[in-house]
Amino acid sequence: MSPVNPVNLPDPEQLAVRIMRGERAAVASGLNLLDNKLAEARNRSASLLASLTGERWLNDGHLIGVTGPPGAGKSSLVSAMIREWRLSGRTVGVLAVDPSSRPELGGGALLGDRIRIKNSSHDEGLFIRSLANRNQLGGVATEVWPMSWLLLACFDIVVIETVGVGQTEIDIAEIGDTVCYVAQPASGDTIQYLKSGIIEIPDIFAVNKSDLGAPARKTASEIGRSASRQDRRENWDYPVCLVSATMNTGIKPFHDHFDRHRKFLANAGLLDKLRIRHQSAWVMRLLKEEFGTFGLELAGGQTVIGERLRENRFNQFEEYERMRKHILSRFLSVNQPSSLTTKEHLDEQIIV
Amino acid sequence: MPAARKNRDQPWLMRTYSGHSSARASNALYRTNLAKGQTGLSVAFDLPTQTGYDADSPLARGEVGKVGVPISSIEDMDQLFDQIPLDQMNTSMTINATAAWLLSLYIGLAQRRGIDPTRLSGTTQNDIIKEYLSRGTYIYPPGPSMRLIADTINYTVRHVPKWNPTNICSYHLQEAGATPVQELAYALCTAMAVLDRVKASGEIASEAFPQVVERISFFVNAGIRFVEECCKLRAFGEMWDELTLSRYQVADPKLRRFRYGVQVNSLGLTEPQPENNVQRIVLEMMSVVLSKRARARAIQLPAWNEAMGLPRPWDQQWALRMQQVMAFETDLLEYDDILDGSPVIAAKVSELIEGAKREIENVEAQGGIIAAIESGYIKRELVGSHMNRLRAIESGDLKIIGVNCFQETAESPLTVGSDGAIMKTDPAAEREQIERLQAHRKNRNDAEVRAALQGLSDAARSGENIMPSSIRCALAGVSTGEWGDSLRAVFGEFRPPTGIDIAIDSREVLGKKDRVTDLRTRVASTGNALGRPLKLLVGKPGLDGHSNGAEQVAVKARDVGFEVVYDGIRLTPQQIAQAAQEEGVHMVGLSILSGSHMELVESVLQELRLRDLSNVPVIAGGIIPREDADKLVALGVRAVYTPKDFNLNAIMEDMVNVIRECNGLERFALPQ
Ligand code: B12
Ligand SMILES: Nc1nc2c(ncn2[C@@H]2O[C@H](COP(=O)(O)OP(=O)(O)OP(=O)(O)O)[C@@H](O)[C@H]2O)c(=O)[nH]1
Ligand SMILES: [Mg+2]
């Protein structure tokens with residue numbers, strides 16, 4: 001079905017094996033594949049994800065989302081935490097998302113988190129992939145979810161750093177086991193955030209730049225007041241930590257909350273439930289991104305898809321792959337040749 | 001012809017910035033330069049010495065003795081000044097992060113030769129602030145760097161009173177794109193930060209503080225717009241006078257004088273028709289000598305072949321002769337200030353002062369220069385100014401003769417020689433320096449070395465002045481890398497913001513079709529054909545701090561639609577290859593201006609192969625002589641760009657085509 005394929009695409013099953021062995025080259029090419037929008041790449045991505053499926057995704061690893069206003073120090077804090085994780089021998093994969101310029105301005109991006117996250121020494125136990133959000137709302141790009149899944153297959157900890165959030169950008173809630181909000185002392189953003197009603201998302205709050213003194217303490221106490229709200233999970237205390245990434249103060253206790261939260265989720269039997277729920281939301285979003293509302297209808301509509309995912313909840317990726325194939329075949333019969341392939345070629349032809 | 005007037009003014013100090021290969025070779029060069037009438041020395045150090053690494057550190061590979069002299073210990077310092085009487089010489093050292101160390105070696109050497117340090121005169125550049133913004137040889141975070149500057153000032157004011165412990169630099173800011181107003185503002189902000197820090201250290205009694213103020217000198221740039229530049233220097237003088245009086249209460253006007261040395265603009269010196277650089281250099285020199293009230297104390301000039309590579313002794317001699325002709329043949333030094341009383345000049349000076357004051361207030365409101373460096377603000381401003389300059393050259397609004405206009409030329413007899421008309425450093429220098437250092441390590445008293453290093457760490461921790469323990473280290477035979485590492489262990493290291501996250505400039509492209517919009521379509525459609533947006537890694541391997549080219553390539557690539565990863569300067573080939581892998585880029589673009597391109601590019605290619613990435617195309621840019629470019633292409637580099645390739649849009653077009661070719665797509669035709 002696909003035309004002459006200019007890109008060398010890897011074999012998904014073999015790739016999955018190598019990824020689970022933790023081979024860096026395989027991790028990198030797996031991430032490239034998941035990022036690839038060519039029709040054939042999408043097919044292979046779906047099989048790759050299905051092949052990576054196992055018990056692990058429900059119970060193992062720790063998926064952490066870090067969000068907060070631009071410049072709050074998300075990357076710097078992630079860097080400080082990586083030091084702790086690496087000291088305790090755990091491996092870390094990072095997905096760092098930066099904003100893209102508007103499509104009419106070329107859609108380019110400067111991926112600047114990496115320089116803040118990485119220290120200069122060489123480390124085989126750390127893998128950082130930067131991504132542009134490509135103008136999608138939500139602070140994380142659609143590509144992030146499958147990618148974080150891939151990293152979870154081979155790293156102990158997976159951290160996702162979003163672009164600075166505004167009020168509508170709450171997707172991170174649908175990714176992380178643990179979501180951390182990094183607040184900027186004395187900033188209007190944080191106050192906005194507190195008022196906006198999405199305060200329920202983060203599990204851990206960090207007020208960074210505590211070296212600034214009073215403003216940081218003030219912000220911490222404001223957050224502290226709203227953190228303990230009625231609508232929140234029982235038995236979890238929503239800690240508010242005063243930290244300084246640059247002075248490296250308060251990092252250890254802050255860091256310990258992540259392990260504690262993960263234990264809390266596991267003990268309460270919430271971890272797998274959370275992941276299954278996130279998984280479904282993302283499968284839906286991915287299908288919609290690729291095929292539009294019309295595509296979802298071809299697969300039976302949202303309710304039916306939701307049901308099918310619930311039925312096969314331990315293997316949603318397989319289910320996703322099946323549904324994709326189904327929609328694709330329907331598409332082909334409705335609209336010959338595949339609209340996707342045509343679109344790619346049109347783009348190419350505009351300027352050649 | 002009338003005889004020259006008797007009471008001519010004294011000319012300025014005449015220097016040439018030099019040093020290469022080894023202490024011995026550089027010493028020979030200095031002695032011939034002095035014999036030619038040069039009146040002071042200006043030492044260029046190699047990058048390992050400037051960044052506190054020993055010659056045998058893996059990070060120094062390929063860089064030892066390349067762009068300056070390697071100084072690994074007091075023995076090298078001794079050889080560098082062999083037969084040069086330290087108490088009669090005025091020595092300027094372009095040294096920053098390791099300034100306290102090189103000064104300690106100089107003082108230690110004087111002591112060893114029985115010379116009283118109070119008789120030493122010279123300058124350590126020692127402005128670490130601008131290293132974060134332009135020059136790139138920083139090591140430690142801003143806090144400890146400020147402290148090292150303050151320590152050297154506090155020490156020399158008392159023990160080496162004729163020394164200029166720091167040279168606040170605006171030179172490098174202009175070389176990174178700064179406008180005259182930015183140069184004025186950021187240099188003066190730096191001076192304030194330094195003086196405030198010294199004051200806060202409490203080591204100097206307040207009656208003696210005016211002497212500290214007097215010891216602060218400046219290192220300034222002068223570009224081709226020489227009238228404006230001349231006004232800038234007058235503005236500097238007026239602003240410094242006012243600032244030292246109002247902020248530091250220096251009553252004696254003599255102590256408030258703006259003392260400065262100069263290197264004229266080199267960013268505007270061109271690779272095509274390089275002989276034109278001679279005119280440029282002479283005109284630029286005019287602006288710093290013309291006005292007696294704002295005349296430079298010391299001048300060093302670049303050479304006509306600046307954009308080609310390192311100058312040979314003859315090239316430097318030519319540059320020295322320009323100064324001598326100006327000072328001794330013209331009647332310039334016979335007059336009082338010839339610009340005083342000109343309303344045109346006065347108006348321009350006030351305009352510059354007003355602009356600079358506004359920007360100083362702006363920086364102060366952000367918490368001062370250090371805060372504005374940490375936040376990335378100033379670096380972004382510089383990258384933005386440089387971007388504007390390059391755009392003006394691209395569009396032809398800024399004319400550069402021989403580059404974007406009047407390109408046709410007869411063949412230059414200057415560039416035909418077999419040496420490529422540049423200086424080649426001794427290829428054996430690195431190996432010999434390593435052997436020399438390793439032999440030296442065997443010859444010293446280990447117990448003394450250990451004790452001296454312990455003293456250094458203790459001082460670093462306790463906050464006591466770093467100089468006495470550093471001088472002890474110098475005398476004990478401690479190496480440059482040992483000094484640097486001991487302080488790294490206490491202070492940590494720092495990487496400043498890259499400044500490339502500037503706003504995209506949309507004015508000229510919105511709704512209009514031009515080369516940029518055309519490029520955006522090409523980049524986007526190539527991305528579509530490959531399945532994901534084009535991703536570019538811009539890499540700066542080695543110790544090279546020249547970031548301008550990399551920054552501008554990164555910014556332009558983002559503007560035409562690439563997703564760009566740029567992690568700043570001074571990365572190892574291994575780090576670059578690893579980033580290329582983790583980031584899954586479509587292309588790696590390396591920028592190298594330090595002359596180590598052969599070694600560095602080869603090892604990046606090697607590291608990429610190790611990671612199965614030999615199919616990712618690599619391109620390179622920088623100061624790369626023709627024959628080396630051919631060798632790099634033979635090694636597998638897809639394209640090599642040098643300063644003559646001033647049009648970034650054309651470079652982008654090429655890059656897209658290279659990516660297409662490497663992925664089995666057809667090249668795009670030339671734009672209409
Ligand atoms: C500006 C400048 C500086 C500035 C740098 C500011 C900064 N942050 O970049 C300052 C004043 C700090 C500086 C310092 C030094 N400099 Co200097 N500097 C220059 C100068 C004058 C211009 C370089 C430049 O920025 N050009 C503008 C940019 C846009 O051009 P470019 O980098 O060449 O890039 C273009 C192309 O080459 C290409 N390109 C470049 N990289 C890439 C990458 C990719 C991917 C692509 C596609 C294209 C591409 O595209 C660009 C567009 O046209 C050159 C001489 C000259 N005129 O070229 C000397 C020069 C490079 N410097 C030199 C030296 C020796 C030094 C020092 C090491 C001296 C010393 N001993 O201390 C110091 C230390 C710097 C350090 N830490 O490494 C030498 C290098 C000698 C050599 N290679 O053999 C030169 C050649 C001068 C000389 N003749 O002696 N320098
Ligand atoms: N004073 C102080 N500054 C900090 C601290 N942590 C980070 N910064 C500074 O804050 C700025 C932004 O830091 P980043 O880590 O890049 O912040 P970020 O939230 O990841 O930024 P974006 O990804 O661009 O949204 C940098 O200039 C840091 O040096 C801190 O603890 N104290
Ligand atoms: Mg960040």
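Me: How many salt bridges are there between domain 1 of chain B and domain 2 of chain B?
Reply: The count between these two domains is 4 salt bridges, a salt bridge being a side-chain nitrogen of Lys or Arg within 4 Å of a carboxyl oxygen of Asp or Glu. This is a predicted model, in which local features need pLDDT of at least 70 and side-chain atom pairs count only at pLDDT 80 or more, while totals for chains, interfaces and linings use all residues. Side-chain values use heavy atoms, with hydrogens and water left out; residues are numbered from 1 along each chain as its sequence is written, and chains are lettered from A and ligands numbered from 1 in the order in which they are written.

Me: Which residue forms a salt bridge with Lys379(B)?
Reply: Glu551(B) does, and the closest N and O atoms are 2.9 Å apart.

Me: Which element gives the most to the side of domain 1 of chain B that touches domain 2 of chain B?
Reply: That element is α15(B), with 8 residues. Helices (H or I, at least four residues) and strands (E, at least two) are DSSP runs, numbered from the N terminus.

Me: Where do the domains of chain B run?
Reply: Domain 1 of chain B covers 13-325 + 335-408, and domain 2 of chain B covers 510-662. These bounds come from an automatic or database domain assignment. The C-alpha centres of domain 1 of chain B and domain 2 of chain B lie 31 Å apart.

Me: What area is buried between domain 1 of chain B and domain 2 of chain B?
Reply: About 2300 Å² is buried between them, and carbon and sulfur atoms give 53% of this area. Buried area is the accessible area (1.4 Å probe) that two parts lose on being put together, summed over both. Glu63(B), Glu271(B) and Glu394(B) supply 23% of the area that domain 1 of chain B buries against domain 2 of chain B, more than any other three residues.

Me: Turning to chain A, which domains does the assignment give?
Reply: Chain A has domain 1 (1-53), domain 2 (61-267) and domain 3 (271-352).

Me: How many residues of domain 2 of chain A are in contact with domain 3 of chain A?
Reply: In domain 2 of chain A, 23 residues are in contact with 12 residues of domain 3 of chain A, where contact means heavy atoms within 4.5 Å. The two domains bury about 1500 Å² between them, 61% of it on carbon and sulfur atoms.

Me: Which side chain meets Arg275(A) in a salt bridge?
Reply: The side chain of Asp177(A) does, at 2.6 Å, N to O.
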